[in-house]
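Reader: I'm new to looking at protein models. Could you walk me through how to read one, feature by feature?

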Amino acid sequence: MKKRLRLLLAILCFTHVVFAQVKITGKVVDSQSGQPLSYATIQLMQSTDDALISGGLTDDNGQFTIETGAGEYYLVLDFMGYQQLKTDAFTPGKNYDAGVIQLAATVSTLDEVVVQAEKSSMELALDKRIFNVGKDLGNAGGSAIEILNNIPSVTVDVEGNVRLRGSNNVRILVDGKPSGLVSFKGGAGLQQLQASLIEKVEIITNPSARYEAEGMSGIINIVLKKDRRQGLNGSFETTLGYPLNVGAAANLNYRHKKVNFFINYGLNYRKTPSYNTIYQEVYRNDTTFISEQIYDGVKDGFDNNIRGGLDFFFNEKNILTASYLLSRSDGKRLTDLRYDDYINSANNLNSYTLRTQDETETEPISEYVLSYKSLFNRKGHELNASVRYMDHWESSDQVYEQYSYFPDGSSNSAGDLYQTSLNDETEEQLLLQLDYVQPFAEEGKLELGLRSSFRDMSNDYLVQERNDMGVMETLPGLDNNFLYQENIHGIYGIIGNKQNKFSYQVGLRVEWTDIETILEKTQESNPRKYSNLFPSAHLTYDLPKGHALQLSYSRRVQRPTYNDLSPFVTFSDNRNYFSGNPDLNPEFSDVFELGHVKYFEKGSISSAIYYRHTNDKIIRIRRVDDQGFSNTIPENLAVEDAYGAEFTSGYTPVKWWKVDFSFNFFRSIIDGSNVDQDFASDTYSWFARQTSRFTLNPKTDLQFRANYEAPMQTPQGSRKSLYFFDLAINKDIFKDKGTITLNISDIFNTRKYRSISEGDNFYSFVNAQRIRRQINLNLSYRLNQ
């Protein structure tokens, strides 16, 4: 059992924290097929006392390299679905080649179940953190949004907006590329991607020049499932939940000699209820106008996702991959709104209004990818090329009915309305990318690459209202076609090397941006052209006894998104409008981070302190007119300075209990005096998440998670604290080929977003709950896995 506990540490050892005196290399393959085993776990053990000295994972070719000091050692190798292998002891010279090591597949045994239970859901490294989706019980039956909300450093608000380290300026990628899922709706679009289709999530808080410069606080990369093992393997899942959540998914892979086929399919039908209230006071001519608003709605969503493709192996060093993704979401939203209007006191009702929204929505996304990977004879020498095309559109048809009443309940027909809104959005994107890596010397590496993105989007918008004659008339300013054309080209170069315990990586990325927004019917155009340099630097120093330090810097950009720029207003609530701002400028940030990671026998801990200086910070500003109608639009504020400290750890105090803990503290100072002298804030806040997983017996696990977000100040007010708890239990069945999981998110239904906004003439308090307690029962079955 002691050796099995060490498996957690070995998976986390991405950074070789040892003296660089002896280099140990080798290759791990399947004993039957001879195929390389990617990401097999390697542990370097000291023969004299069985102490864990170092470790790592094999690369895509099954190869590994470990550096250590002189001594007598042996290797322990693990790979899911294979028997553990312990090598004979050896005493390496300057370089030691362990040769080709064969692992044999195993049948399901009690020991294998224990090893699987101990496989970490979180893998820590200095430059990146990896979260294995299937190992977190709280993800069963959910969507990509629920997955992100379970990840340390990441929070998701009631609107589905994703934040990393307290900042919503984060770049979300799927399989390393932009996705149509987040084009129109931002992070909220991930609701239609089932968790069962996702393998892992990578968090990169300070990316190098290799990555596109977009994303101030970093990059979140969602990696979909795919396998390349010989033969047929896969998994199947079904979900039933309350509020209604019915889904099924299949992930299949078949490899025969040079051809590997893969397909993922998931469908889901879900009812999502939401509720929020707004209390607002508007001050005018010594009179206080009070409004209490209640929003009660439900969305019926039917989502389909299918992804298929093939890998063709010209040989083990040259692979051509073609894939296709189709995602379609069909939704029906019904909403009831009530406005109670008072004068001076909540006891003095002046009128009330009832408004309904009936929306039908269709959103299909098609993505085509062709990629080629060539591996040269020297390890690490490779060329990657890809072409990606996306075709995406969304159609929304909405009907609003509104009826007004006097305090006694009699009808006030003067306030009655019948309105319609048609909204058609389209997106096409072509992405070309080429990356080349050339090793030099013993540890050096030169990277070069280029990327070109061509993107065209449109929003054809029309709002009409029925007049007194019963004829539908177009409302002024609400009939136009917004066009967004974006071309971004980038090249980069990175050079890195390692000398004993010190390694460095410096890079430079150059991007040329050409963006133009056009209001077609009014012939309003806003072209933007600019070029920028984005340097990056990462310095790493390996310390004794399992410690490592990394100092990093990068320059980042956050370009206004399509929704940030589109001037059309939301119309579901005819007293609270949201729209974009075509005059927005991009944000630019300089990001500094000092990170530390410590590996020890029963776990690991990583910590970081960071500083981010941002010019032209984009913030949504709410203004209320004398009638009590609000309009919220994004604007560029002068500067934000953000400081923070972050701690993430995984620890196994005893064999049946594993604890993951994360804590993030940050301070944000925003100066918005360029817009209004009162638009400024200096706030401290923090959020924490703790997950405990208990192995009740070899076939049963119990997981409990606690989440807390502290209150914080905003440029126009404050946001209240938020907390919630999750619980899940699973049991292996069908001779350990299946698992049944019961998952309850937000056990006590406390996940409510509360905020205060204030201005010269208004005060408002919002209490919203767009994500309610969810109970899911999930059944999964593994085929040859």
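Reader: Let's start with charges. Which residue forms a salt bridge with E709?
Author: The general idea goes like this: side chains of opposite charge can pair when their charged atoms come close. This is a predicted model, and in it E709 pairs with R719, with 3.8 Å between the closest N and O atoms. The two sit in distant parts of the chain, E709 in strand β34 and R719 in strand β36 (residues 717-719), 10 residues apart.

Reader: Is E709 buried or exposed?
Author: Buried means under 20% relative accessible area. E709 has a relative accessible area of 12%, so E709 is buried. R719 comes out at 13%, so R719 counts as buried too.

Reader: How many salt bridges does the count come to?
Author: The count comes to 31 salt bridges.

Reader: Okay, on to rings. How is a pair of aromatic rings described?
Author: You look at two things: the distance of the centres and the angle of the planes. This structure holds 21 aromatic pairs. In one of them, the ring centres of W656 and W657 are 6.3 Å apart and the planes are at 20°, so we call the pair stacked. W656 is partly exposed, with a relative accessible area of 43%, and W657 is partly exposed at 29%.

Reader: How far apart are the ring centres of F704 and F725?
Author: Those centres are 6.1 Å apart, and with the planes at 15° the pair is stacked. This pair links distant parts of the chain: F704 is in strand β34 (residues 700-709) and F725 in strand β37 (residues 722-733), 21 residues apart. F704 counts as partly exposed at 30% relative accessibility, and F725 counts as partly exposed at 24%.

Reader: Which residues form one aromatic cluster?
Author: Y553, F592, Y611 and Y643 do.

Reader: What about the surface? Which residues form the nonpolar patch?
Author: Among them are L446, I495, F502, Y541 and I609, and the whole patch has about 920 Å² of accessible area. Look at the strands next: β23 (444-466), β25 (502-519), β26 (524-543) and β27 (547-558) each supply at least two of its residues. β25 gives the most, with three. L446 is in strand β23 and is partly exposed, with a relative accessible area of 31%.

Reader: Can you show me how to follow contacts from one residue? Let's say R171.
Author: R171 is in strand β12 (residues 171-174) and counts as partly exposed at 22% relative accessibility. Leaving aside neighbours within four places in sequence, R171 is in contact with P178, E212, E214, G215, G218, I219 and I220. The C-alpha atoms of R171 and I219 are separated by 4.7 Å, although these residues are 48 apart along the chain.

Reader: Let's zoom out. How many helices and strands does the protein have?
Author: There are four helices and 41 strands. Of the 785 residues, 52% are buried. Among contacts with a separation of 6 or more, 67% are between residues 24 or more positions apart. The accessible surface comes to about 33200 Å², and 56% of that belongs to carbon and sulfur atoms.

Reader: Last one: where in the chain is the pLDDT below 50?
Author: The protein averages a pLDDT of 84, and 89% of the residues score at least 70. Over residues 1-20, though, the pLDDT is below 50, and this stretch has 85 contacts in the model beyond near neighbours in sequence. Residues 107-120 also stay under 50, with 35 contacts beyond four places in sequence.

Key:
Residues numbered from 1 in each chain as written. Predicted model: local features only at pLDDT ≥ 70, side-chain atom pairs only at ≥ 80, totals over all residues. Heavy atoms only, no water. Patch = residues over 30% accessible without salt bridge, like charges linked within 9 Å, V, L, I, M, F, W, Y side chains within 5 Å. Areas by Shrake-Rupley, 256 points an atom, 1.4 Å probe, with all protein chains shown as cover. Salt bridge = Lys/Arg side-chain N within 4 Å of Asp/Glu carboxyl O. Buried < 20%, exposed > 50% of the residue type's maximum accessible area, 1.4 Å probe, protein only. pLDDT = per-residue confidence, 0-100. Contact = heavy atoms within 4.5 Å. Phe/Tyr/Trp six-rings, centres within 6.5 Å; stacked < 30°, edge-to-face > 60°.
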